[in-house]
Amino acid sequence: MDRRLEGIRVLVTRPRERAEELCFLLEDEGADVFSLPLLELRPPEDPRPLASAAEHVQRYHWVLFASPSAVEAFLEALRLAGTLDRLARVKLAAVGPRTARTVEAFGLTVAAEPSEGTGAALFTALKDLLGPDDDVLLPSAEEGRRELEDGLRDLGVRVTRVTAYRSTPAPLPPEALAHLTEAPPQVVLFASPRTAEAFLEGAGREPLAAAKVVAIGPTTATALGQLGIDVATVAERPTPEALVDATVRAVHG
């Protein structure tokens, strides 16, 4: 089998508990993968709004998920509230295929999913399906972007945004920093603006000096540019498979 990334050192930046599938796919292509956890995902400081939304989920017409972590956090809140069965009365939408796949793993149906994994793309997919009489619940990261929420409010849709989780930088162990110095990555993958910020805070710019940078999508690519990081390629879809293909393009042109 032709292994397209044979011997290429690839750094995968990620929240602490994610990216296993992506790492396996990269290794199958021959890459020497170093996975660096940069974010700790934590429950909201005030859990009451999330618990209330879960208890009364049937009052919403739609629940919109912007990340797999939001899905998992809200489903756990529903479980604790004893209202999981009420979610069957609500339409669900997901930002991109990775989030949709997480929803479907719970045996639920996704009614709206854009091909591009951004809040703006989900807004475009929903704007003709929603009206001013609709109540929409948006469980999100505490620091999550606002373009989806703002667009819906401009349409007159009633949006309830609740913090489902928050992310804080994970301390980088000395051995991880030593590895970055001793074996600088040839390719670095970023899956969110937050991980890019945490990487610069913890490791600085030096490990990126000779690396090709790959972004999971246009939102992350834009954020990287604003941070002064040149992006070599952008994944066509926010999936592990598309990130692998983008890595190959970054290496081989």
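This is a predicted model: local features need pLDDT of at least 70, side-chain atom pairs count only at pLDDT 80 or more; totals for chains, interfaces and linings use all residues.
**Stop 1: Val 63**

Show its neighbours, leaving out residues up to four places away in sequence. Val 63 then touches Val 57, Phe 74, Leu 87, Val 90, Lys 91, Leu 92, Ala 93, Leu 137 and Pro 139.

Now widen the selection to the nonpolar core. The largest one has 26 residues. Val 63 is among those with the most contacts inside it, together with Phe 65, Phe 74 and Leu 87. Colour the elements that give two or more residues to this core: helices α2 (48-55), α3 (68-81) and α4 (96-105), and strands β3 (62-65), β4 (91-94), β5 (135-141) and β6 (158-169). Which element gives the largest share of this core? Helix α3 does, with 7 residues.

Next, pick Leu 11, Leu 36, Leu 180 and Ala 203. They belong to a second, separate core of 21 residues.

**Stop 2: helix α4**

Go to α4. Gly 96, Pro 97, Thr 99, Ala 100, Thr 102 and Val 103 are buried there. What covers the buried residues of α4? The cover includes β3, α3 and β4. Step just past the helix to Gly 107, which takes a positive phi of about 80°.

**Stop 3: salt bridges**

Switch to the charged side chains. Side chains of opposite charge can pair when their charged atoms come close. The count here comes to 14 salt bridges.

Select Asp 245 and Arg 4. They form a salt bridge, with the closest N and O atoms 3.2 Å apart. Asp 245 sits in helix α10 (240-252) and Arg 4 in the segment before β1 (9-15), so the pair ties together parts that are 241 residues apart in sequence. Are these two residues buried or partly exposed? Asp 245 is partly exposed at 35% relative accessible area. Arg 4 is also partly exposed, at 31%.

Move to Glu 113 and Arg 237. Their salt bridge has its closest N and O atoms 3.8 Å apart. This pair, too, links distant parts of the chain. Glu 113 is in the loop between α4 and α5 (119-126), and Arg 237 is in the loop between β9 (233-234) and α10. The two are 124 residues apart. Glu 113 has a relative accessible area of 35% and counts as partly exposed. Arg 237 is partly exposed at 36%.

Now a pair within one helix. Select Arg 194 and Glu 197, whose side chains meet in a salt bridge at 3.9 Å, N to O. Why are they about one helical turn apart? Because they are 3 residues apart in helix α8 (193-203). An α-helix has 3.6 residues a turn, so residues three or four places apart point the same way. Arg 194 is partly exposed at 25% relative accessibility. Glu 197 is partly exposed as well, at 39%.

Finish the charged set with a group. Arg 146, Glu 149, Arg 153 and Arg 161 are linked in a network of salt bridges.

**Stop 4: Leu 155**

Last, find Leu 155 in the loop between α6 (147-154) and β6. Leu 155 is partly exposed, with 37% relative accessible area. Which residues does Leu 155 touch, not counting residues up to four places away in sequence? Phe 123 and Lys 127. Leu 155 and Gly 131 are 24 residues apart in sequence and 7.4 Å apart in space, C-alpha to C-alpha.

Notes: Residues are numbered from 1 along each chain as its sequence is written. Side-chain values use heavy atoms; hydrogens and water are left out. A nonpolar core is a set of buried Ala, Val, Leu, Ile, Met, Phe, Trp, Tyr and Cys residues joined through side-chain atoms within 4.5 Å. Buried means under 20% relative accessible area, exposed over 50%, partly exposed in between (1.4 Å probe, protein chains only). Helices (H or I, at least four residues) and strands (E, at least two) are DSSP runs, numbered from the N terminus. Contact means heavy atoms within 4.5 Å. A salt bridge is a side-chain nitrogen of Lys or Arg within 4 Å of a carboxyl oxygen of Asp or Glu.
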